[in-house]
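Hi,

Here is the structure I promised to pass on. Have a look at it first, and my notes follow below.

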Amino acid sequence: MTGLRYVYAVCRPFGAPLQTALKGVAGDPPRLLSHHGLIAVVSHVPEGDFAEAPLRRHLEDLDWLTETARAHQQVIDALTAVTTPLPLRLATVFRDDSGVRVMMEEREADFLRTLDRLEGRVEWGVKVYLEREPAAPAETAKPASGRDYLRQRRMQSSAREDSRQRAERFAARLHATLSAHADGARLHAPQNSALSKASGQNVLNAAYLVPRTQSEEFVELVDRTKGEEPGMRIELTGPWAAYSFVEEAADPSSAGDSSPSAPSAGADVGEGAS
C-alpha cells in the first residue's frame, strides 16, 4: 500500500500480538517497523490528507481532528496493554519507511534513555474540582437597601475566597501524598470549565508516573480521599501511556529534516497531557 507513514509510538520489541481487528488513523492497521533495538509503530495514510498543506487545514477542522485523535489513541491504548510505548505527537508523518528509520537513528539515544525511565510504568491522571455550592436563602433574598446589597456581596465574595483557599490547600496536600507514591509527577494548568464542560472549578490537574505493579494501591489511595473534603470532586483517569513524562525525546521535530515530508505535530492526545 502506498502513502505517507504515520508514526504512533516508538518502543522496544515485544512478543504479544496487537489486537487483530485494530485499525489506525485513516482505517489502516498499524504495523511494526524495526530499526536496531527499536520498533516504530506505523500505518499508511493518504498524502491527500496528511501532506503538509492539507494537514495544516485539517488541524483546523475539529471533527477531523477528533476522529484522528481517537484513532491515534486506540493504537496507543493497544500498545500500552502489551508493552511500554513512547508515544509520539499527534500527526507525526514521514514520507516513507526510510524517513522513519532516519528519525529513529538520530533520536536512538534519547528514545532508549526515555524508555528505560518509563519501563513498566503507566500514567494516572487526577483532577480535583471545587463544586459550586447552591446559594443560601439569605443570599438570594432581595436586599432591603444599597447597604444590605453591598454587605451581601462582601459576604458572598468572602465565602467564595474561603472555599477557594480551602480547595487549594486540599489539592496541595493530595498532590504531595500522591507524588510520594509515584515515580514522577507533573502539574498541568487547571482546565477551563467553559472548554472542558466539566462542572466546578478545576484546582488540581496532575499526572503521576506509577509502576504497573503498584497501580492498584495508587487507585485505592485516590479512592480513599474521595469524600474526605466536602464540596470537592476527585476524578481519576488511566492507566495511560506516559504522555506527560515523555518530554523532548518524543518530539521527532528535534531530529531535524529527517525526511522529505517533515514531521507535523498537532496537540498531544493523552489524558495526562490535557
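**What I found**

The lining of the largest cavity is made up of four nonpolar, three polar and two charged residues (Ala, Val, Leu, Ile, Met, Phe, Trp, Tyr, Cys and Pro count as nonpolar, Asp, Glu, Lys and Arg as charged, and the others, Gly among them, as polar). Those lining residues are Thr80, Thr83, Thr84, Pro85, Leu118, Arg121, Arg212, Ala241 and Ala242. A cavity here is a set of points, on a 1 Å grid over the protein atoms alone, where a 1.4 Å probe fits but cannot get out; lining residues have an atom within 4 Å of a point. The volume of the largest cavity is about 30 Å³, where volume is the space filled by probe spheres set on the points, with grid points joined across faces, edges and corners.

Please keep in mind that this is a predicted model: local features need pLDDT of at least 70, side-chain atom pairs count only at pLDDT 80 or more, and totals for chains, interfaces and linings use all residues. Residues are numbered from 1 along each chain as its sequence is written, and side-chain values use heavy atoms, with hydrogens and water left out.

H3 covers residues 62-82. Its buried residues (under 20% relative accessible area, 1.4 Å probe, protein chains only) include Trp64, His72 and Thr80, and Thr80 also lines the largest cavity. Glu67 and Val25 are 42 residues apart in sequence and 8.4 Å apart in space, C-alpha to C-alpha.

Best wishes

Technical notes
1 Å grid on protein atoms, 1.4 Å probe; cavity = no way out; pocket = protein on both sides within 12 Å on 5 of 7 lines; lining within 4 Å. Helix = DSSP H or I, 4+ residues; strand = E, 2+ residues; numbered from the N terminus. Expected span 1.5 Å × (residues − 1). Buried < 20%, exposed > 50% of the residue type's maximum accessible area, 1.4 Å probe, protein only.
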